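Here are a few notes to read alongside the model.

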Amino acid sequence: MAYTIMITDDSVSIRQMVGFTLQAAGYSTMESVDGADALEKLAQAQADLLITDLNMPNMDGIELIRQVRGIDRFRFMPILMLTTESQDEKKQAGRTAGATGWIVKPFAPDQLVAVVKKVLG
Amino acid sequence: MTDNFREIFRTEAMELLLELESAMMDLEETPDNEDLIDRVFRAMHTIKGTGAMFGFAEISALAHEAETAFDEVRRGNIPVTRDLVDLMLSTCDQIRKMVDDPNPDLSIKMKLVEKFRDWPCPIRKRTPDRTRPIPAGSPRRTVRISGGSGLSLGRAYLPRVSILWPCWMNWPAWGTTKYRL
């Protein structure tokens, strides 16, 4: 069964690039535009991995990670943050909130797939 | 497909620039409005991140300077003044030109970058000049870089190494490979 990956980013370019890349690699994807949207969609769907941006309106990535970790069925789901080089503080906050790892932007499609394969096994 | 992504980035960047300009003009009326300040910061952050992803390194570099300035605004270290609004609007104009033109004249971009770097920040010293010689005994900070893939993955999934980086240098340029091991 194909793994389902939730992609949360307020940038449509990033959502499309990540979505297209992961679908081409055989994964199913869902998209959400911010933390609040992701939580709403995750409440009604199953996901095997969450990939989230950190700076977003309404609810940022850190708060999303915290809330997702509070939901029983997502307690052990891998969570990857999309960060930039200048976001060390946020990255630490994300790890504290329960993120599994991070990917630094910019990244190439094959690098993304390699990381996803590692965390999904 | 890469061209498709670049086109999607162009469309998104143009929308973000419109939003930025409208937020900057509103900020001129209400310079302490935190929602507007957050919107400006996030829009610049998105242009920086997505620009770097889709091969617009120069746009990303300029947006980084504007984002850094607005991070200081967010922290209350820099006030929103008419001069800062003007600089941000010029930056929006320049980014728009660079989105349209594959080989833009970079001299204006360099001038804008310098203006951001020289912007008075009463609380904290801003990024110093990259060309300044290394001061003797300068303190160093640690930067993590990844083990060859260009990614940094937390926990134990990938080997990570640390290198020492003098604190007077800027963060590594987007998309370069010279820091890879």
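1. Helix α1(B) passes α4(B) in a left-handed crossing (the near helix is turned anticlockwise from the far one by less than a right angle). In this predicted model, local features need pLDDT of at least 70, side-chain atom pairs count only at pLDDT 80 or more, and totals for chains, interfaces and linings use all residues. Residues are numbered from 1 along each chain as its sequence is written, chains are lettered from A and ligands numbered from 1 in the order in which they are written, and side-chain values use heavy atoms, with hydrogens and water left out.

2. Helix α1 of chain B covers residues 2-29 and helix α4 of chain B residues 82-100; their axes lie 10 Å apart at an angle of about 165°. That makes the two roughly antiparallel (angles over 145 degrees). Contact here means heavy atoms within 4.5 Å, and the residues making it include L17(B) and M24(B) of α1(B), with M88(B) and C92(B) among those of α4(B).

3. Now look at the largest nonpolar core, which has 59 residues (buried nonpolar residues joined through side-chain atoms within 4.5 Å; buried means under 20% relative accessible area, with a 1.4 Å probe and protein chains only). α1(B) gives the most to this core, with nine residues. F70(B), one of the residues with the most contacts inside the core, touches M24(B) and M88(B), among others.

4. K91(A) sits in helix α4 of chain A, residues 88-97. K91(A) is buried, at 9% relative accessible area, and touches L54(A), M81(A), T83(A) and W102(A), leaving aside residues up to four places away in sequence.

Notes: Axes are lines fitted to C-alpha atoms, for helices over the stretch in contact, and angles run from 0 to 180 degrees between N-to-C directions. Helices (H or I, at least four residues) and strands (E, at least two) are DSSP runs, numbered from the N terminus. Angles under 35 degrees count as roughly parallel, over 145 as roughly antiparallel, 65 to 115 as roughly perpendicular and the rest as oblique. Buried means under 20% relative accessible area, exposed over 50%, partly exposed in between (1.4 Å probe, protein chains only).
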